[in-house]
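Colleague: I would like to go through this model with you. Could we take the overall build, then the pockets, then the charged pairs?

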Amino acid sequence: LEERLARAAKLKEEGTALLRVGDHSAAVERYALALGAFCYLRCTDPAWRRHGLRDDAIEEVDERPAGGSPLRERADSLLLGSYKNLSLCYLGMAAAARSGDTGGDASSCCRHCISACDAALELQPGCAKMLYRRARARVGASAGEAAADEAIRDLREATRKAPEDRAVRALLAR
């Protein structure tokens, strides 16, 4: 597990370096590989090549160390940081898609951002930064009233957690 954690940490560091220079797509790949060191999907059908992949034959595997151990704390910290940075990458990719800088789909990037924020919030409930990013992504993914209501709920909770955060208050005011 130590070796796996070290490899995942190196991948996360590579992702962070790529994020800093604005290479969001490459950063996403590194973060996904880092996350895959402990959490991944596995096909349970040995004959899937003949039958094709089916949702009922896919299981989620979580190979993090036992809860409460120092290794588990390090693994969770690595996963949390990776999910937080993934959310930032996806917001950047959505902005680039909206501005026409890439051929990507802004709505799809926003949905991926929401998923990354959800995963981060499972590890760190109430994290104001993740609530804020999820709210931004909700607004970007859909122009619907339900998405706006969910974004407002996220922003209100983020305001309770970080009342001094100007970005949260500014988005809530819109």
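Colleague: How many helices and strands does the protein have?

Modeller: The protein has eight helices and two strands. Helices (H or I, at least four residues) and strands (E, at least two) are DSSP runs, numbered from the N terminus. This is a predicted model, in which local features need pLDDT of at least 70 and side-chain atom pairs count only at pLDDT 80 or more, while totals for chains, interfaces and linings use all residues. Residues are numbered from 1 along each chain as its sequence is written, and side-chain values use heavy atoms, with hydrogens and water left out.

Colleague: In what order do the elements run from the N terminus on?

Modeller: The order is α-α-β-α-β-α-α-α-α-α. The C-alpha trace spans about 50 × 40 × 35 Å along its principal axes.

Colleague: What share of the residues counts as buried?

Modeller: Of the 174 residues, 39% count as buried. Buried means under 20% relative accessible area, exposed means over 50%, and partly exposed lies in between (1.4 Å probe, protein chains only).

Colleague: On to pockets. How much space lies in the largest pocket?

Modeller: The largest pocket holds about 530 Å³. On a 1 Å grid over the protein atoms alone, a pocket is an open set of points where a 1.4 Å probe fits, with protein on both sides within 12 Å along at least five of seven lines; lining residues have an atom within 4 Å of a point. Grid points are joined across faces, edges and corners, and the volume is the space filled by probe spheres set on the points.

Colleague: Which residues lie nearest the centre of the largest pocket?

Modeller: Of the 20 residues that line the largest pocket, Leu 35, Cys 39, Glu 60, Tyr 83 and Ala 119 lie nearest its centre.

Colleague: And which element gives the most to that lining?

Modeller: Helix α5 gives the most, with six residues. At least two lining residues come from each of α2 (24-35), β1 (39-43), β2, α4 (70-99) and α5 (106-123). By type, the lining of the largest pocket divides into 13 nonpolar, three polar and four charged residues. Here Ala, Val, Leu, Ile, Met, Phe, Trp, Tyr, Cys and Pro count as nonpolar, Asp, Glu, Lys and Arg as charged, and the others, Gly among them, as polar.

Colleague: What volume does the second largest pocket have?

Modeller: Its volume is about 150 Å³. Residues that line the second largest pocket include Leu 91, Arg 98, Arg 136, Leu 171 and Arg 174. Helices α4 and α6 (128-141) each supply at least two residues of this lining, which divides into six nonpolar, one polar and three charged.

Colleague: Switching to charges. How many salt bridges does the structure hold?

Modeller: There are 14 salt bridges, each being a side-chain nitrogen of Lys or Arg within 4 Å of a carboxyl oxygen of Asp or Glu.

Colleague: Which residue does Glu 59 pair with?

Modeller: Glu 59 forms a salt bridge with Arg 42, with the closest N and O atoms 2.9 Å apart. Glu 59 lies in strand β2 and Arg 42 in strand β1, so this pair ties together parts that are 17 residues apart in sequence. Glu 59 is partly exposed at 31% relative accessible area, and Arg 42 is partly exposed at 39%.

Colleague: How far apart are the closest N and O atoms of Glu 14 and Lys 10?

Modeller: For the salt bridge of Glu 14 with Lys 10 the distance is 2.9 Å. These residues are four apart in helix α1 (residues 2-20), so about one helical turn separates them.

Colleague: Which residues are linked in a network of salt bridges?

Modeller: Asp 118, Arg 134, Arg 138, Glu 150 and Asp 154 are linked in such a network.

Colleague: One more topic: Asp 45. Is this residue buried or exposed?

Modeller: Asp 45 is buried, with a relative accessible area of 13%. Asp 45 sits in the loop between β1 and α3 (48-51). Asp 45 and Asp 56 are eleven residues apart in sequence, and their C-alpha atoms are 9.3 Å apart in space.

Colleague: And where is Cys 109 found?

Modeller: Cys 109 is found in helix α5 and counts as buried at 7% relative accessibility.
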